[in-house]
Amino acid sequence: MNKSIEILKEVEQTNFEKGLPQKWSDFSTETVEKLKQNGLKVTAAESLTAGLFQATIASVPGASNVFDGGFVTYADEVKVQLLGMDPKLIEQYTVVSNPVAKAMAELSAKKLNADIGLGFTGVAGPDPLEGNPVGTVFIGACNRQNHQEVIKKFHFEGTRQAIRLKSVLCGFALIQEII
């Protein structure tokens, strides 16, 4: 089984309380290498992860070949201001939803002329949000080159940091799925 499929199947049941499990510690580096090999640029719009995905990419040597920048759009108004998201989309579906994750991915890629865009939205806790329990996460990924996209819903357990780490790891897995 390839690593991205393994991650997407196992991540919800895996304990991240002591950080990223060792067996997946090199996955961000592997993903950056695949992006380099394919000549692709990536960006993201992050809400619940608040920049953790982008910081993880930037920690990989050579990341500047595949990453120019991105967005931390924690508040709804910032999603509208920075990404140009239609506020009616948030009103209709709530911020923690499939359509919002998809729009975040697409709009971030378009704004920065990146090949791949990711959108992270969800509830890291400690309290539920808009009727969604803690651990509800939507991640959208779009590839503007091959027109592939995937939006996944997850139900993560653990602390805020564990939920954020799981989200970031899944973002890398989704990149590999659409390359």
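Modeller: Buried means under 20% relative accessible area, exposed over 50%, and partly exposed in between, with a 1.4 Å probe and protein chains only. Phe172 is buried, with a relative accessible area of 3%. This is a predicted model, in which local features need pLDDT of at least 70 and side-chain atom pairs pLDDT 80 or more, while totals for chains, interfaces and linings use all residues. Residues are numbered from 1 along each chain, and side-chain values use heavy atoms, without hydrogens and water.

Biologist: Is Phe53 buried or exposed?

Modeller: Phe53 is buried, its relative accessible area being 0%.

Biologist: How many aromatic pairs does the whole structure hold?

Modeller: Rings of Phe, Tyr and Trp (its six-membered ring) pair if their centres lie within 6.5 Å; planes under 30 degrees apart count as stacked, over 60 as edge-to-face, the rest as tilted. The search finds 4 pairs. In one of them, Phe53 and Phe172 have ring centres 4.7 Å apart and planes at 35°, so the pair is tilted. Phe53 lies in helix α3 and Phe172 in helix α7, 119 residues apart; helices are DSSP runs (H or I, at least four residues), numbered from the N terminus. Phe53, Phe120 and Phe172 form one aromatic cluster.

Biologist: What volume does the largest pocket have?

Modeller: A pocket is an open set of points on a 1 Å grid where a 1.4 Å probe fits, with protein on both sides within 12 Å along at least five of seven lines; lining residues have an atom within 4 Å of a point. The largest pocket holds about 200 Å³ of space. Its lining has 15 residues, and among the closest to its centre are Ser47 and Tyr74.

Notes: Points joined across faces, edges and corners; volume = space filled by probe spheres on them. Helix = DSSP H or I, 4+ residues; strand = E, 2+ residues; numbered from the N terminus.
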